[in-house]
Amino acid sequence: GETGRVTGLESSSLIAFVVGAGLQELVQPSPVGLEAAMRRIRVVPEDYMTYLKAQADKSVDVVYFDPMFRCPLSASAAIAPLRELADHRPVTKAALAEACRVARRRVVLKEAFYSQEFSRLGFPRVSGGKYSRIHYGIIDV
């Protein structure tokens, strides 16, 4: 909603700057309210584990992990120039535990459809759609 806030974390300060500036400056035809929502996203150049450990219990509604796919999808060529700067480490079980501590409602993991991360981390898989190459795992806390 109009009062909602999103904090995006990016371990690369350069990627954090590019994404943050884009969210604040991009002007293009878009659905009503999208531009205002983009302006409410704050991008922080910090490792997610460091950030999560500093947060109070049940202090956010949702923790959403969107890690870099280890085998990139060809459709995501637009981010290819930034891939070299990105953090390629997988989400750890310790980070998932911190996320569950911090989240009031749920923890979400976005991964490629072929990913074994859902089972490794104990996420039930929720398909992104019958033909989607992106799947989601959701843990309700």
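**Sheet.** I looked up the sheet in this predicted model. It is open, has four strands in the order β3-β4-β6-β5, and its pairing is mixed. Strands here are DSSP runs of E, at least two residues, and helices are runs of H or I, at least four residues, numbered from the N terminus. Two strands pair if DSSP finds at least two bridges between them. β3 and β5 (125-127) are the edge strands, each pairing on one side only. Neighbouring strands are turned by 25 degrees against each other on average, direction ignored. I then checked β3 against β4: they run parallel and are joined by five bridges. V60 stands opposite A103 in β4.

**Ground rules.** I number residues from 1 along each chain as its sequence is written, and side-chain values use heavy atoms, without hydrogens or water. Local features need pLDDT of at least 70 and side-chain atom pairs 80 or more, while totals for chains, interfaces and linings use all residues.

**Helix on the sheet.** I found α5 lying across β3, β4 and β6 (134-140), at about 145 degrees to β4. Axes are lines fitted to C-alpha atoms, for helices over the stretch in contact (heavy atoms within 4.5 Å). Angles run from 0 to 180 degrees between N-to-C directions.

**Core.** The largest nonpolar core has 16 residues. Such a core is a set of buried Ala, Val, Leu, Ile, Met, Phe, Trp, Tyr and Cys residues joined through side-chain atoms within 4.5 Å. Buried means under 20% relative accessible area, exposed over 50%, partly exposed in between (1.4 Å probe, protein chains only). V63, F65, V107, L109 and F123 have the most contacts inside the core. α5 gives the largest share, four residues. I also listed the contacts of L109 beyond four places in sequence; among them are F65, V91, F118 and Y136.

**Aromatic pairs.** How many aromatic pairs does a search of the whole structure find? I got two. Rings of Phe, Tyr and Trp (its six-membered ring) pair if their centres lie within 6.5 Å; planes under 30 degrees apart are stacked, over 60 edge-to-face, the rest tilted. The Y48 and F65 centres are 5.4 Å apart with planes at 80 degrees, so this pair is edge-to-face. It links helix α3 to strand β3, 17 residues apart. F65 is buried, at 6% relative accessible area. F113 and Y114 are also edge-to-face, at 5.2 Å and 80 degrees. F113 is partly exposed at 37%, and Y114 is partly exposed at 35%.

**Confidence.** The mean pLDDT (the predictor's confidence in each residue, from 0 to 100) is 86, and 90% of the residues score at least 70.
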